[in-house]
Amino acid sequence: MLIRSIKPILQTALKISPVVLLKGARQVGKSTLALENNTNYFVLDDVSVRVSASEDPNLFINALPKPVCIDEIQKLPQLLESIKLYIDKNRKNGDFLITGSANILDLKNTKDTLAGRIIELTLYPFSQKEKRGKYKDNVIDMLFENEFIVENIDIKEVIHDIISGSYPIMQTLDTPLEKKLWFSSYVSTYIERDARDLAEIRDIDSFFRFVNIIAPRSTGLLNKSDLSKEVGVRSETIENYITILEQTFQITLLRAYYENIGKQFVKSPKLFLNDSGIMCYFLKITNDNEFLNSMYKGAIFENFIFNELQKHISFAKNETNIYHYHTNDKKEIDFILQSGEKIVAIEVKSSSSINKSAFKHIIDFKNKSNKQILGIVFYLGDKILYFDEDLVALPVGFFY
């Protein structure tokens, strides 16, 4: 069984907090990780357990053997109030590990229920490091420490990983048909079911039209007006759909970077799908040739790099924020990582060779900012290339 990088953080959180929420998309391995930490396990997908809990939530929580894991807590959010009442009388760290495939604490009726009593952790699909047993390696820490260790990896293996995505089940499926069937089932079963649970969607066909058209827009600036016109629904409905996909960990809206350096910044967020495999499924890309010849090749590779960065941020040594950089005079940088006063500016290029022109917007940013900035370009080559002391091209093997 592969060890998850977040496991020691989860164990520490259980030592210092009475409630820990382990959240993440369905099928990322929350239940498996929870069972490694708790023998008392109750899942609210089980109708009999859910009926028992809903009839008398306080009695249900009081009677549970502690410590306990309650899986899929979003199925019965009223349990949070009962957990709060129990903790206020019997506070003991580690008593409750709750998991959710919807970010239940973002829901307006539950937002403040466990304030001061809970630690939230997010579990993502496997990182490339986790797949290879390097669960202690963190690429965010390595970037800020200028520690560039690159695995020699065949480009065909990289493309395979991009197309397959990183959900645990994908590591057991061999053929394109098996993967297509799983992705199809995942979209129709989990995404639709969670969407219906979270919101009263009257027109499920419009919701699925929306889900299908965001894949070609992944890595682009969010334009709700364009989405509204294409799906044929009001802007308010698009906002609701976006919220649902955010709360079920299917997409991330990446905030824009801002700094007072004499430029006007575009404030719109960029939209990213949270798994490159899901993106390839929607774009009907199933093999090397389709990827290499796709007009979306660059966007897919950028999405893949974002997914990897996001996973490693979740267990980085220091708190790190990630943004995109986009000015009104068309200067764009794919990602800005900020930790304290240090910045790593990142460009992503889906080519096997690179030259200094790939750093032009990073150089412009460095010239105008007074912060300490390292410029990185990730590309599909196989060599570490230095174009200056703090301008470095890194092969995708950095993530392996």
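Trainee: What makes β9 and strand β10 (residues 342–348) a pair?

Mentor: Two strands pair if DSSP finds at least two bridges between them. Here five bridges join β9 to β10, and the strands run antiparallel, so they pass that cut-off. One spot to look at: Ser339 stands opposite Lys342 in β10. A quick caution: this is a predicted model, where local features need pLDDT of at least 70, side-chain atom pairs count only at pLDDT 80 or more, and totals for chains, interfaces and linings use all residues. Residues are numbered from 1 along each chain as its sequence is written, and side-chain values use heavy atoms, leaving out hydrogens and water.

Trainee: Which residue takes a positive phi in the hairpin of β9 and β10?

Mentor: That's Gly340, near 65 degrees, in a hairpin with two residues between the strands.

Trainee: And how does strand β8 (residues 321–326) pair with β9?

Mentor: In the antiparallel sense, over five bridges. His326 has Glu332 in β9 as its bridge partner.

Trainee: Why is strand β9 (residues 332–339) called largely enclosed?

Mentor: Buried means under 20% relative accessible area, exposed over 50%, partly exposed in between (1.4 Å probe, protein chains only). Seven of the eight residues of β9 are buried, so the rest of the structure largely encloses this strand.

Trainee: How do helix α11 (residues 224–231) and helix α12 (residues 235–247) cross?

Mentor: Their axes come within 9 Å and cross at roughly 100 degrees. That makes α11 roughly perpendicular to α12, because 65 to 115 degrees counts as roughly perpendicular (under 35 is roughly parallel, over 145 roughly antiparallel, the rest oblique).

Notes: Axes fitted to C-alpha atoms, helices over the stretch in contact; angles between N-to-C directions. Helix = DSSP H or I, 4+ residues; strand = E, 2+ residues; numbered from the N terminus.
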